[in-house]
Amino acid sequence: MKPAQAGGAAAVEASVSPPVSPSVSPSVGALIKRRIVLAMPAALLVPPQLLLISLEVQAQFVSPGAEIPGAVINPAVAAALALQNLPRPSTPPPERGEVVPAQVQRWREEARAHEYGDGLPRDPVRAAELYCRAARYGDAEAQYSLGWMLTNARGIERNDATAAHLFSAAAEQGHLQARNMAARLGTPVGPPPPCLRPPEADPLALVAPAAEPTLPAPPALGAPGPGAVGLPVIPRALLERAPIAVSSYVQMLAPEYRLEPALVLAVMAAESNFDPAAVSAKNAQGLMQLIPDTARRFGVRNLLDPAQNIRGGMAYLRWLLAYFEGDLSLALAAYNAGEGAVERYLGVPPFAETRNYVLKILISLGGRRVHGFDAGVTPPSVRLAAMREFASAATGVRR
């Protein structure tokens, strides 16, 4: 018995020697002996019959398509050859124009119809391509469905490595079945596949320009700092939404953390809509929606105390901006999904909530993509160079 292979399959070798007619020459008879690798998926991911996943036919002297006298056709061999000839879906082209959540849902529904032949012709390749389009925009159900097609060779070429990435992304968004599949396939290896990379036409896929210089010493508390971090003045829409007391406190305190008040207010608007008593399903609390672990990390004792909450949120934003060297997309994605997720996916994670969150804040800041940072707060992420290289390769734009 061989060690477990990729995708959790345990392999066993067997030699198959079909009956050979005495009239067949010894050289040709020897060629009939086949070496077959049979695989049984771990935990019976598919029905328990053995799946033939590769076949070596030692036929160096037999021309392609030639019949071997006396050979017995094995149904398992035919099944294996059929699996080997399944098509590999191509990556969909860039989208044109803005893509709204309703469009992503339509792609997923059309994909399911093609997968099952429900009201549309059954077309696994078309289904996979549509699932891929929706998966790139963070649709967890599409990510799971495409992973299922790939790991079960449902009309397309099997690819457990890509399926593991897809199941993991859907699982991190709370998809229960994806969690089970992710646990069975194990930790994904390598960079995210194309169906989990930011769409080329999406603003988040564009490579941010070089980060702004690190900041000088912060001004005294309460002193104005216009332009100190490079972001524009606070948009009127944010000022109108924020309570005066909150807005005034943020404008007074932000320079101490070397943050532009507009950024802090934009995050606060997206996180809690300025509700100091807000508590999320994940137990994120207060104006800046800090979870208890983050609160302890930055010295916040009372999460529902507005002043402490704002200070804790500012401290976390300052740390993230230093960690990602002023890249607002990465820092905001990490504030929403955690810096670990950003590093795993080499950029904004393929989660619908996170992608929409980042885009919403960037739009409220006028599309600005960079922010000054304090390099003395923390060393940069060790994955930052890989993130930039990955983004450049995906978009064809060099930083």
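**Figure 1. Burial and overall make-up of the predicted model.** Of the 399 residues of the protein, 45% count as buried, where buried means under 20% relative accessible area, exposed means over 50%, and partly exposed lies in between (1.4 Å probe, protein chains only). This is a predicted model, in which local features need pLDDT of at least 70 and side-chain atom pairs count only at pLDDT 80 or more, while totals for chains, interfaces and linings use all residues. Residues are numbered from 1 along each chain as its sequence is written, and side-chain values use heavy atoms, with hydrogens and water left out. The secondary structure comes to 16 helices and four strands; helices (H or I, at least four residues) and strands (E, at least two) are DSSP runs, numbered from the N terminus. The protein exposes about 19,500 Å², and carbon and sulfur atoms supply 57% of this area; accessible areas come from the Shrake-Rupley method with a 1.4 Å probe, and for residues only the protein chains shown count as cover. Contact means heavy atoms within 4.5 Å. Among contacts between residues at least 6 apart in sequence, 61% join residues at least 24 apart.

Figure 2. The structure holds one disulfide, a term used for a pair of cysteine sulfur atoms within 2.5 Å. A disulfide is a covalent bond between the sulfur atoms of two cysteines. Here C132 is joined to C195, with an S to S distance of 2.0 Å. The link is left-handed, with -105° about the S-S bond. C132 lies in helix α4 (residues 124-136) and C195 in the loop between α7 (176-185) and α8 (236-241), so the pair ties together parts that are 63 residues apart in sequence. C132 is buried at 2% relative accessibility, and C195 is buried at 13%.

**Figure 3. Helix α3 and its cover.** Helix α3 (residues 101-116) has 16 residues, which at 1.5 Å a residue should span 22 Å; the C-alpha atoms at its ends are 23 Å apart, in agreement with this. The expected span is 1.5 Å times one less than the number of residues in the helix. The buried residues of α3 are V104, W107, A111, A113, H114 and E115. An α-helix has 3.6 residues a turn, so residues three or four places apart point the same way. The cover over the buried residues of α3 includes α4 and α5 (140-151). Just after α3, G117 takes a positive phi of about 65°.

Figure 4. A nonpolar core is a set of buried Ala, Val, Leu, Ile, Met, Phe, Trp, Tyr and Cys residues joined through side-chain atoms within 4.5 Å. The largest one has 53 residues, and those with the most contacts inside it are L259, V267, M268, M314, F324 and Y335. At least two residues of this core come from each of α9 (244-253), α10 (261-272), α12 (306-323), α13 (328-337), α15 (352-364) and α16 (384-395). Helix α12 supplies the largest share, nine residues. Apart from neighbours within four places in sequence, F324 is in contact with L330, A331, A334, E339, V342, S381, L384 and M387. A second, separate core of 35 residues includes Y131, A134, A142 and L150.

**Figure 5. Q289 in its loop.** Q289 is found in the loop between α10 and α11 (292-297). Its relative accessible area is 11%, so Q289 counts as buried. A polar atom of the Q289 side chain lies 3.1 Å from the backbone oxygen of A278. The side chain of Q289 also reaches the backbone oxygen of G286, at 2.9 Å. Leaving aside neighbours within four places in sequence, Q289 is in contact with residues including E271, S272 and N309.

Figure 6. Most residues other than glycine have a negative phi, and most peptide bonds are trans. R258 is not a glycine, yet has a positive phi of about 55°. R258 lies in the loop between α9 and α10 and is buried at 18% relative accessibility. E325 also has a positive phi, near 50°. E325 is found in the loop between α12 and α13 and is partly exposed at 22% relative accessibility.

**Figure 7. R344 and E172.** R344 is found in helix α14 (residues 339-344) and is partly exposed at 46% relative accessibility. The side chains of R344 and E172 make a polar contact at 2.3 Å. A polar contact is a pair of N or O atoms within 3.5 Å; within protein, one must be able to donate a hydrogen and the other to accept it, and residues adjacent in sequence count only if both atoms are side-chain atoms. Apart from neighbours within four places in sequence, R344 is in contact with E172 and P192. R344 and R383 are 39 residues apart in sequence and 8.8 Å apart in space, C-alpha to C-alpha.
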